[in-house]
Amino acid sequence: MSERAASRDAHRPRGFLAGVSFLTRIPVRTAIGEADVAASIAWFSVVGVLVGAVSGAVYVGARELWPSGLAAVLAVGASVALTGAFHEDGLGDTADAFGAVSTGRDPGPVLKDPRMGAFGVVALVGTLGIRVAGVAALSPRAGLLALIAAHALARGVSAAVVVNASSAPAGLGSTYARLAPRWRGWVACGIGVAVATVCLGAAGPIAAVAAGLAAVVLSSWAARALGGVSGDVLGAIEQVGEILALLVAVAAIARGFAGPFV
């Protein structure tokens with residue numbers, strides 16, 4: 001595909017559908033090309049709102065029948081099922097690569113190995129536990145709003161990273177960096193911050209700062225250790241951003257400065 005054709009395709013009004021197709025397992029009955037996926041970057045946070053709303057709705061409904069802990073497991077499980085563990089897989093691979101680098105090994109073969117190592121398993125168990133515990137600490141209404149905020153904000157931050165950080169020589173990060181203008185990533189990030197602020201009040205910008213700083217740290221490490229930000233690293237950035245947003249939400253709600261809607 002020529003650059004002119006790619007640019008033309010990237011401006012087709014199919015970004016949202018491409019984002020839904022790429023970031024979730026919801027079937028989209030339209031052909032999605034490489035340029036469409038790159039165009040979907042501006043819609044990452046909107047797709048995050050969709051995922052967070054589904055997860056939050058499961059939490060609200062489950063709280064009518066079961067204790068908060070079980071309801072939180074079902075809510076987090078719903079988001080994992082809806083996305084096909086897309087971001088969790090990236091987090092696990094990135095954790096294994098970190099383990100390889102920290103022990104002086106080449107991370108390349110680790111990233112290519114479909115099997116998950118000890119670092120990846122520990123990272124996934126830990127992050128899933130934090131997410132479940134965070135949601136379980138919230139009321140149904142607060143849980144719904146916090147999940148929407150966390151999913152939207154985390155995907156917005158990852159969208160900003162993909163168009164600004166140095167990308168790995170091959171893979172999805174490289175494709176995005178080549179085809180997507182920077183403004184698409186910043187639009188997604190702005191939407192994510194706005195959604196988080198509406199849902200969580202003053203805690204929204206605080207969560208955005210925390211997620212942004214974590215993204216800078218992870219992308220800087222990836223540039224040094226892996227040669228750039230890959231799709232796996234983007235998954236890790238999304239997961240860390242989601243966790244930080246939930247942690248900030250729980251702390252803010254407990255102290256009564258999370259906004260008028262909670």
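User: Does Phe98 count as buried, partly exposed or exposed, and at what relative accessibility?

Analyst: This is a predicted model, in which local features need pLDDT of at least 70, side-chain atom pairs count only at pLDDT 80 or more, and totals for chains, interfaces and linings use all residues. Residues are numbered from 1 along each chain as its sequence is written, and side-chain values use heavy atoms, with hydrogens and water left out. Buried means under 20% relative accessible area, exposed over 50%, and partly exposed in between (1.4 Å probe, protein chains only). Phe98 therefore counts as partly exposed, at 42%.

User: How are the rings of Phe98 and Trp221 arranged?

Analyst: The structure holds three aromatic pairs. Rings of Phe, Tyr and Trp (its six-membered ring) pair if their centres lie within 6.5 Å; planes under 30 degrees apart are stacked, over 60 edge-to-face, and the rest tilted. With centres 5.9 Å apart and planes at 55°, the pair of Phe98 and Trp221 is tilted.

User: Within what arc do the buried residues of H11 fall?

Analyst: The buried residues of H11 include Arg184, Ala188, Val195 and Leu200. The arc is that of the directions from the helix axis to the C-beta atoms. Seen down the axis of H11, its buried residues line one face, because they fall within an arc of 135°.

How values were computed:
Helix = DSSP H or I, 4+ residues; strand = E, 2+ residues; numbered from the N terminus.
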